[in-house]
Amino acid sequence: MGLINRLARLANALAEDSTTRTHTGEIGGTGGRISYAVSLGPAESERPRQRTYRPKYLTDVRKEKDDLVVAIDLPGVSEDDLSVTFDDETNIVEIREEERPIKRLGLRWEDVVIEKATYNNQILELRIGGDTQDG
């Protein structure tokens, strides 16, 4: 019987079983020793976990001449709800939708200036100027 079939049988058996099983052991050889413990039991169904949907915003960062150009795809984000801030103490650019942070970009530049910000077809493009730090 192949590995996949054995795993499928094990998963089916565990799904039907309401007990919890624990197995501990140790594997050792000339290369070292591994101790392990495995507990198998039914999934908790008392309270379903709520998953927060967090979209992934595709980001492209490139250098053009002496500027850093950051393009971020922001589907579903209204231009009216969008804000961009820069903290010159931490060198972090933060993009927010209303009060919710979307993206934080830490820059290793000195004298950073956001020279231009455009929002077209739900793509934010930032043109950032400054002097790169060594290291």
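Read along the sequence, the pattern of this chain is α-β-β-β-β-β-β-β-β-β. In total there are one helix and nine strands, where helices (H or I, at least four residues) and strands (E, at least two) are DSSP runs numbered from the N terminus.

Two remarks on conventions. The model is a predicted one, in which local features need pLDDT of at least 70 and side-chain atom pairs count only at pLDDT 80 or more, while totals for chains, interfaces and linings use all residues. Residues are numbered from 1 along each chain as its sequence is written, and side-chain values use heavy atoms, with hydrogens and water left out.

I begin with the chain as a whole. It has 135 residues, of which 20% count as buried; buried means under 20% relative accessible area, exposed over 50%, and partly exposed in between, with a 1.4 Å probe and protein chains only. Among the contacts with a separation of 6 or more, 37% are between residues 24 or more positions apart, a contact being heavy atoms within 4.5 Å.

Next, the interior. In soluble globular proteins, nonpolar side chains tend to be buried together. Here the largest nonpolar core has 18 residues, and Leu74, Ile95 and Ile128 have the most contacts inside it. Two or more residues each are given to this core by β4 (67–73), β6, β7 (100–106), β8 (109–120) and β9 (123–132). Such a core is a set of buried Ala, Val, Leu, Ile, Met, Phe, Trp, Tyr and Cys residues joined through side-chain atoms within 4.5 Å. For isoleucine 128, the contacts beyond its neighbours within four places in sequence include Leu68, Val70, Val93, Trp109 and Ile114.

I now turn to the sheet. Three strands form an open sheet in the order β5-β6-β7, with antiparallel pairing. Its edge strands are β5 (82–87) and β7, each pairing on one side only. From one strand to the next the twist averages 20 degrees; axes are lines fitted to C-alpha atoms, for helices over the stretch in contact, and angles run from 0 to 180 degrees between N-to-C directions. Two strands are taken to pair if DSSP finds at least two bridges between them. Six bridges join β5 to β6, and β6 and β7 also pair over six bridges. Glutamate 94 of β6 stands opposite threonine 85, and its bridge partner in β7 is arginine 104.

How covered is β6? Five of its six residues are buried. Arginine 96 counts as buried because its relative accessible area is 17%. Its side chain forms a polar contact of 2.9 Å with that of glutamate 94, and it reaches the backbone oxygen of glutamate 99 at 2.3 Å. A polar contact is a pair of N or O atoms within 3.5 Å; within protein, one must be able to donate a hydrogen and the other to accept it, and residues adjacent in sequence count only if both atoms are side-chain atoms. Not counting residues up to four places away in sequence, arginine 96 touches Asp81, Leu82, Ser83, Pro101 and Ile102.

Glutamate 97 also lies in β6, and it counts as buried because its relative accessibility is 16%. A polar contact of 2.3 Å joins its side chain to that of arginine 100. Beyond its neighbours within four places in sequence, glutamate 97 is in contact with Tyr57, Gly76, Val77, Asp81 and Ile102.

Finally, the turns. Most residues other than glycine have a negative phi. Which turn residue of the β5–β6 hairpin has a positive phi? In that hairpin, with four residues between the strands, asparagine 91 has a positive phi of about 60 degrees. Asparagine 91 is buried, since its relative accessible area is 14%. The hairpin of β6 and β7 has two residues between its strands, and there glutamate 98 has a positive phi of about 55 degrees. Asparagine 121, in the loop between β8 and β9, likewise has a positive phi of about 55 degrees. Asparagine 121 counts as exposed because its relative accessibility is 65%.
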